[in-house]
Amino acid sequence: MNAPLRRVGVVVMVLFGLLFANLNWIQAYKADEYRTSDYNGRVQVAEYERRRGNIEAGGTAFALSKETDGELKFQRAYPGGARYAHVLGYKPVNLAETGIEKLENDFLAGTSDQLIANRVRDMFTGDQSGGGNVLLTVSKGAQNTAFEQLRNNRVDAAKGAAIAVDPRTGAVQALVSMPSFDPNPLVSHNTNEATAAYNKLEQDPEGPLKNRALGEVLPPGSTFKIVVAAAALENGVGQQTRIPAGPSWTPPTSGTPIRNAAPSICPEDAVTLINAVTESCNTGFAQLGVRLGPDKIKEKARQFGFEQEDLTVGHLNEGGHPVAASRTGSMQNADGGADPAALAQSSIGQRDVRMTPLQGAMIAASVANGGSQMRPYLVRQLLGPDRTTSHYTAKPKELRQPVSGQVASDLRDMMVSVVENGSGTNAQLRGYTVGGKTGTAQSAPDRPDHGWFIGFALDKNGTPVSAVCVVLEQAGPGGSAEAARIAGQIMRAAIADPGGR
């Protein structure tokens with residue numbers, strides 16, 4: 001063989017070698033990527049060959065699949081519309097799935113390893129088993145009430161959120177974010193229409209796609225005083241201990257005085273701690289916070305759950321909806337020492353303090369549950385396609401214990417006093433002991449204040465049955481009182497219809 005032919009032969013062998021290597025690379029390493037690619041039409045068609053499982057609450061399917069005559073054999077539908085949008089998420093054809101639809105995608109689609117026995121059986125029978133079913137903890141009554149009360153609030157707040165949990169287990173009883181959206185257009189098989197619907201929502205300045213119950217933080221106002229009160233109780237202050245108060249107080253190094261919301265609130269020079277909580281005494285808590293110092297307040301907030309980066313709400317074992325971290329912000333000066341002005345403002349839930357509604361509900365739940373804070377969750381059970389086989393049942397887990405039983409008892413007494421004698425009377429429920437704390441938080445100089453309420457309900461035996469947080473953004477005067485009223489209605493509904501736990 002002459003030299004030119006040998007060179008050609010070598011080149012051909014190298015090319016075959018490269019081709020063979022590329023083939024193995026694709027089969028061994030890239031197969032999953034290509035198989036699951038959004039651009040792989042055959043995968044998409046195959047996915048819709050199998051009926052996707054239901055997502056249910058209280059025995060009703062709020063995410064289900066309907067048979068069609070099109071190339072994609074099943075159409076996802078959400079009978080609850082905007083009412084359940086931020087709980088369920090959505091599963092579109094070409095866009096990314098969200099919420100519970102994303103968290104339990106493999107189980108709902110029937111491709112989970114937990115359902116392999118069904119797929120093996122299908123190979124022999126020729127059947128096409130559907131996906132598994134996800135049962136939620138949500139109470140239909142509480143969810144409906146939260147949605148309607150937020151949508152029709154009496155202070156015309158366009159944005160807000162409400163979340164309720166069972167203090168004993170962490171099971172989410174209701175989760176609503178307003179404004180909400182209808183997920184049905186997003187799952188249209190006409191992908192152009194679905195994309196247009198998504199773009200419209202995404203560009204809406206009101207932010208309907210935002211989950212304000214879990215993913216947004218705001219200054220919590222006076223609801224943060226419960227955290228400061230907890231720190232005080234652990235550092236030598238009792239319910240009846242008198243603390244400095246007065247109509248106005250200017251922190252050292254600051255020329256800006258702190259005042260109470262009304263002249264009638266703790267005008268005396270000193271008040272008991274329980275009265276300071278009941279009346280929501282800004283001057284008392286500002287001075288108390290400066291006395292305690294930043295380290296004690298920040299550490300107590302951390303023990304309640306502030307600064308937690310990795311909390312999710314969904315499946316107790318596998319994550320879920322991401323939760324924004326609540327923050328206490330800086331309470332120190334440039335030299336690292338305590339900044340009395342910053343500390344005073346932070347102690348009444350202003351300055352850089354930021355909180356999610358979930359965090360507010362968890363504070364109230366911890367107090368109601370004797371100091372034990374349970375891990376919040378939404379997925380109660382996973383049932384196979386035949387609905388007789390359970391693949392998962394939630395077992396409640398303690399997340400942390402931010403306060404002792406005695407401190408929790410003292411806080412409970414003070415929060416009950418707020419509802420019975422203070423600013424939270426709108427949350428009262430006949431036949432139940434209700435405790436809570438209102439909060440009014442400054443938004444911006446040219447915008448109305450936010451209104452908050454965190455609270456809990458105990459039955460006649462002292463057993464906690466619900467804990468809730470409601471926030472009405474830029475609600476203005478009366479916002480916290482309206483938040484308290486809505487919270488009471490949500491807890492009433494959760495008691496009447498406890499949902500899955």
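Reader: Which residues are linked in a network of salt bridges?

Author: Arg52, Arg76 and Glu101 make up that network. A salt bridge here is a side-chain nitrogen of Lys or Arg within 4 Å of a carboxyl oxygen of Asp or Glu.

Reader: What kind of model is this, and how are residues numbered?

Author: This is a predicted model, in which local features need pLDDT of at least 70 and side-chain atom pairs count only at pLDDT 80 or more, while totals for chains, interfaces and linings use all residues. Residues are numbered from 1 along each chain as its sequence is written, and side-chain values use heavy atoms, with hydrogens and water left out.

Reader: Back to salt bridges. How many does the structure hold?

Author: There are 14 salt bridges in the structure. One of them joins glutamate 49 to lysine 73, with the closest N and O atoms 3.2 Å apart.

Reader: Where do glutamate 49 and lysine 73 lie?

Author: Glutamate 49 is in the loop between α2 (41–47) and β1, and lysine 73 is in the loop between β2 and β3, so the pair ties together parts that are 24 residues apart in sequence. Helices (H or I, at least four residues) and strands (E, at least two) are DSSP runs, numbered from the N terminus.

Reader: Is glutamate 49 buried, exposed or partly exposed?

Author: Partly exposed, with a relative accessible area of 28%. Lysine 73 also counts as partly exposed, at 38%. For the cut-offs, buried means under 20% relative accessible area, exposed over 50%, and partly exposed in between (1.4 Å probe, protein chains only).

Reader: What does lysine 300 form a salt bridge with?

Author: Its partner is glutamate 234, and the closest N and O atoms are 2.9 Å apart. Lysine 300 is buried, at 3% relative accessible area, whereas glutamate 234 is partly exposed at 37%.

Reader: And glutamate 309, what is its salt bridge partner?

Author: Arginine 327, with the closest N and O atoms 2.7 Å apart. Glutamate 309 lies in the loop between α12 and β11, and arginine 327 in the loop between β12 (319–322) and α13 (340–347), so parts 18 residues apart in sequence are tied together. Glutamate 309 is exposed at 55%, and arginine 327 is partly exposed at 32%.

Reader: New topic. How many aromatic pairs does a search of the whole structure find?

Author: Three. Rings of Phe, Tyr and Trp (its six-membered ring) pair if their centres lie within 6.5 Å; planes under 30 degrees apart count as stacked, over 60 as edge-to-face and the rest as tilted. For tyrosine 90 and phenylalanine 181 the ring centres are 6.0 Å apart and the planes are at 90 degrees, so that pair is edge-to-face. Tyrosine 90 is in the loop between α3 (85–88) and α4 (99–103), and phenylalanine 181 is in the loop between β6 (172–178) and α8 (191–203), so the pair links parts 91 residues apart in sequence. Tyrosine 90 and phenylalanine 181 are both buried.

Reader: What does phenylalanine 224 form an aromatic pair with?

Author: With phenylalanine 306, edge-to-face, at 5.6 Å centre to centre and 70 degrees between the planes. Phenylalanine 224 is in the loop between α8 and α9 (225–233), and phenylalanine 306 is in the loop between α12 (294–304) and β11 (312–315), 82 residues apart. Phenylalanine 224 is buried at 0% relative accessible area, and phenylalanine 306 is buried at 1%.

Reader: How many residues of α9 are buried?

Author: Nine of the nine, so α9 is largely enclosed by the rest of the structure. Among them are Lys225, Ile226 and Leu233.

Reader: What about the open sheet, in which order do its strands come?

Author: Its six strands run in the order β3-β2-β1-β4-β14-β15, with mixed pairing. Two strands pair if DSSP finds at least two bridges between them. The edge strands, β3 (74–77) and β15 (390–393), each pair on one side only.

Reader: How many bridges join β1 to β2?

Author: Three, and β1 (residues 55–57) and β2 (residues 60–67) run antiparallel. Alanine 57 has threonine 60 in β2 as its bridge partner.
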